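Please consider the structure shown here.

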Amino acid sequence: MPALKSAPSEPRKGLAGRVHGLLRGRSVVIGLPYGWLLAFFMAPFLIVLNYSISEMGAVRPENIVTLGDGVMKLSIKFGNYLAIFGDALYVKAYLSSLKYAAITTVVCLVLGYPFAYFMARAKPALQPALLMAVMLPFWTSFLLRVYAWKGLLDEGGLVSDFLLATGLDGWMAASGMIGTPGKFMNTPFSLVIGMSYTYLPFMILPLYANLAKMDLRLLEAAADLGASRFKAFWLITVPLSRAGIIAGAMLVFIPCVGEYVIPELLGGPQTLMIGRVLWDEFFSNNDWPMASTVAVVLVLLIVVPLAIFNKYQAEAQERGR
Amino acid sequence: MKADSRSLIGGRFARNFGRGWLLAVFFFLYLPIFTLIAYSFNNSPLPTVWGGFTLNWYVKLASDREILSGLWLSLKIAFLSASASVVLGTLAAFTLVKYRRFGGRTLFSGMVSAPLVMPEVIIGLALLLMLVAVQRATGSDLFDRGMMTIWLGHLLLGMAYATVVIQARLIDLNPQLEEAAMDLGAKPFQVFALITLPLILQALASAWLLTFSLSLDDVVISAFLSGPGSTTMPLVIFSRARLGLNPSVNAVATVIIAVVAVCVTVGSVLIARAERRRAAEINAAQRGGG
């Protein structure tokens, strides 16, 4: 293991001394978390990958590489992947996961950007309390907060009654957010509400961190040069907060794509998400190779947004120093 | 200057709009929590119809074996995984901040932060498949699905969060303090125990609280890694919530929210106070020394 390369240490005598030398300082500090991650993060992934491309034996996947009669045979099975891309159900589930994650991201941005902006421009003495108030729901159980929406959106629930009173449900049904007027649960609407509600703090916090650091003298300069407030906001504040927008958007988008609990509790037959498909493959169909294949494709889906996120994080850190 | 820059942001209309927006979003954030609490006192068989005040659901809760044993198991797992996450997270954060160069650093930093964004269904599935493979290869029942395996899963997730929190603190640390100790002849471990550790203690406390609450809340990883007889509280709640609205869930929720609100408030006040005291001490020491 490359990580265990120990620091140059003074020569010691005897086995005990050498073991002691290996167990000290740097190599333990690096080796312990490294080894743990290799064993419990890396290895499990390789096993998932192995399941997705192996011929299944009676109880476990056959070896990919077999040696016999002086021949090394490499057998990789693509059947599972062909099945996924050939089956409309899987393709639809992937696409609708991406769609609902994207809608949720936009909703969070629309709600969260003005919120973070006004929070960052509030009286400095007030800001820690506002920040605390955003964080507090985050600390209370995520599962229970999602469950609470069930009560609000179900027939007779507060939000449901409110929407019925305003008569918005007819318009929502016409635009496809809900199936039939008057029923809000288990629709795209309830799913997006639940996901936006859960992930809104992930949008607000990076945006706030970014907007609070902005140099307000730039706006002063813009005003001196004759820009209106709105123009200054649009041409200076928004472009400067780009890193915050991207960080927030990715922090909302990435977990939403693979979300399971919210679609299960608030979503319905119209909102098939890939997390639920994976779950059903595993728990209902007991099809481990297929579940593994779905997982591998899901990882591939989030790799691109993840790379964007890491790039901007690195840039933001560089600037922060 | 301050007043000027404030007026640059907008006039009275913009200020009122801003206040309104903040209030509206806070309303959105807190509405579900307050209705959850309110309906736990609802004396009605229909979960969305208000039928007067009662403590009935709490009385029932006190004798609900399934919830209570789930809660006890969840608390044990959360305690163990938070403690182990902080230890591993400290080591990982220390590695990332102090050792700029070692073989496989990119792989390491990637693996540390990956669980933060990896869908939980994948983490659960991957760990389960591996534990099954180990079990088949060795024939031991050490990795039978149960408390131990759930703990492993939560530790994987918790370590990633703990590392982020502790890393942020380590980066902010003034390196001169550690250098001074080394100049005075302290061994690396002494420097860590006597200088670094007290300085990052608050970060360790917040990381512990965060990973504790994450573990207490987890459904998906636990579902993959739990076996018969090891049903955590979120799994009980989830299976009831799946079937529909259930006032017993509201009562549990209220208890949890009350406990968490008290713990977080007390915890963050204590952490903030300790932070201020330490900053003042460091200031005083630097003035005294200079």
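This is a predicted model: local features need pLDDT of at least 70, side-chain atom pairs count only at pLDDT 80 or more; totals for chains, interfaces and linings use all residues.

Q: What makes chain B more spread out than a compact globule?
A: The globule rule gives 19 Å for 290 residues, whereas the radius of gyration of chain B is 24 Å; this value is well over the rule, so chain B is more spread out than a compact globule. Along the principal axes, its C-alpha atoms fill a box of roughly 70 × 70 × 30 Å.

Q: Which elements does chain B contain, helices or strands?
A: Chain B has twelve helices and zero strands. A helix here is a DSSP run of at least four residues, and from the N terminus on the order is α-α-α-α-α-α-α-α-α-α-α-α.

Q: How many of the residues of chain B count as buried?
A: A residue is buried if 20 or more other C-beta atoms lie within 10 Å of its own. Of the 290 residues of chain B, 37% count as buried.

Q: Which residues does the contact between the chains take, and where on chain A do the most come from?
A: The contact takes 72 residues from chain A and 65 residues from chain B. Helix α2 (residues 25-53) of chain A gives the most to the side of chain A that touches chain B, with 18 residues. By class, that side of chain A divides into 53 nonpolar, eight polar and eleven charged residues.

Q: What domains are assigned to chain A, and how many residues does their contact take?
A: The assignment gives domain 1 (2-77) and domain 2 (81-320). Their contact takes five residues from domain 1 of chain A and six residues from domain 2 of chain A.

How values were computed
Residues are numbered from 1 along each chain as its sequence is written. Chains are lettered from A and ligands numbered from 1 in the order in which they are written. Helices (H or I, at least four residues) and strands (E, at least two) are DSSP runs, numbered from the N terminus. The radius of gyration is taken over C-alpha atoms; the globule rule is 2.2 Å times the number of residues to the power 0.38. A residue is buried if 20 or more other C-beta atoms lie within 10 Å of its own, exposed if 12 or fewer, and partly exposed in between; C-beta atoms are placed from the backbone. Two residues are in contact if their C-beta atoms, placed from the backbone, lie within 7 Å. Ala, Val, Leu, Ile, Met, Phe, Trp, Tyr, Cys and Pro count as nonpolar, Asp, Glu, Lys and Arg as charged, and the others, Gly among them, as polar. Domain bounds come from an automatic or database domain assignment.
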